[in-house]
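Please look over the protein shown below before reading the notes that follow it. The notes begin with a question and then go through the structure topic by topic.

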Amino acid sequence: MTSFATGRMLLTPTDRHGPARAERLRRLDLGERPDASYDNFDAFADKVAEVTASPFSMVNFIDENRQFFAGLHTPTGNRGGRELGSAAAGSNRSSRYMARDHGYCPHVLVRRKALVLDDVCDYPRFAGNPVVDDIGIRSYLGAPLIDRTGIALGTVCAVDTVPRPWGRAGLDTIKSLAHELVRQIDDREGHHPI
């Protein structure tokens, strides 16, 4: 648990599988750098945004120290992630990176289950997250990307700046999209022996 200068407590879950995940991401050549090989992840993020009618969506790989948006959809189509807010990036690195204690994807990763937050402000544990004030995030829909080895590599998610009644349909949709993307990652590994 960490505390911010505002005095609010941020409850970031402990990730005991971080080292194994980081090694698996390295072996898959995922989560290290944004380049042309990530175009398919951007296209997948576009699909997530379209299917969920969300202004922001991400394919997010998470290592021990940070989150990397390998796939990113923003309202203006800017792939640099500047619309996510420089404060949320947690550093001066590419804005496709975000500090590990920002956002809700680390919770999904550790829980290994989808998370639906119609209004993040309805949940004290999540309302104090920096993405609420820094970016204006008000609703979240995310599911883990659990690969064939059983390791949760990251998440696929959709977020909005207004409360959203995602409902059961939203939960089923994000879980289905996560399964689809995991199949693509598994296929990618089959074509690129490790």
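Which side chain meets that of Asp-147 in a salt bridge? The side chain of Arg-24 does so, at 2.6 Å from N to O, where a salt bridge is a side-chain nitrogen of Lys or Arg within 4 Å of a carboxyl oxygen of Asp or Glu. This is a predicted model, in which local features need pLDDT of at least 70 and side-chain atom pairs count only at pLDDT 80 or more, while totals for chains, interfaces and linings use all residues. Residues are numbered from 1 along each chain as its sequence is written, and side-chain values use heavy atoms, with hydrogens and water left out.

**Overall picture**

- The protein has 7 helices and 8 strands; helices (H or I, at least four residues) and strands (E, at least two) are DSSP runs, numbered from the N terminus.
- Of its 194 residues, 52% count as buried, a word that stands for under 20% relative accessible area, with exposed meaning over 50% and partly exposed in between (1.4 Å probe, protein chains only).
- The accessible surface comes to about 9000 Å², and 52% of it belongs to carbon and sulfur atoms; accessible areas come from the Shrake-Rupley method with a 1.4 Å probe, and for residues only the protein chains shown count as cover.
- Among contacts (heavy atoms within 4.5 Å) between residues at least 6 apart in sequence, 65% join residues at least 24 apart.

**Salt bridges**

- The structure holds 9 salt bridges, and in general side chains of opposite charge can pair when their charged atoms come close.
- In the bridge of Asp-147 and Arg-24, Asp-147 lies in the loop between S7 and S8 and Arg-24 in helix H1, so the pair ties together parts that are 123 residues apart in sequence.
- Both partners count as buried, Asp-147 at 5% relative accessibility and Arg-24 at 8%.
- Lys-47 and Glu-180 also meet in a salt bridge, at 2.6 Å from N to O, and because Lys-47 lies in helix H2 and Glu-180 in helix H7, the pair ties together parts that are 133 residues apart in sequence.
- Lys-47 itself is partly exposed, with a relative accessible area of 33%.
- Arg-26 forms a salt bridge with Glu-23, the closest N and O atoms being 3.3 Å apart, and both residues lie in helix H1, 3 residues apart, which is about one turn of the helix.
- Arg-26 is partly exposed at 46% relative accessibility, and Glu-23 is partly exposed at 37%.

**Nonpolar cores**

- A nonpolar core is a set of buried Ala, Val, Leu, Ile, Met, Phe, Trp, Tyr and Cys residues joined through side-chain atoms within 4.5 Å, and in soluble globular proteins nonpolar side chains tend to be buried together.
- The largest core has 28 residues, of which Phe-41 and Phe-61 touch the most other members.
- At least two residues of this core come from each of H1, H2, S3, S4, S7, S8 and H7, with H7 giving the most, 7 residues.
- Apart from this core lies another, of 22 residues, including Phe-56, Val-108, Phe-126 and Ala-152.

**Aromatic pairs**

- A search of the whole structure finds 5 aromatic pairs; rings of Phe, Tyr and Trp (its six-membered ring) pair if their centres lie within 6.5 Å, and planes under 30 degrees apart count as stacked, over 60 as edge-to-face and the rest as tilted.
- The ring centres of Phe-41 and Phe-61 are 5.4 Å apart and their planes stand at 80 degrees, so this pair is edge-to-face.
- This pair links distant parts of the chain, with Phe-41 in helix H2 and Phe-61 in strand S3, 20 residues apart.
- Phe-41 is buried at 2% relative accessible area, and Phe-61 is buried at 1%.
- Tyr-104 and Phe-126 form another edge-to-face pair, with 5.5 Å from centre to centre and 85 degrees between the planes.
- One aromatic cluster is formed by Tyr-104, Tyr-123, Phe-126 and Tyr-140.

**Positive phi values**

- Most residues other than glycine have a negative phi.
- Asp-29 has a positive phi near 60 degrees, lies in the loop between helices H1 and H2, and is partly exposed, with a relative accessible area of 34%.
- Ala-53 has a positive phi near 55 degrees, sits in the loop between H2 and strand S3, and is exposed, with a relative accessible area of 58%.
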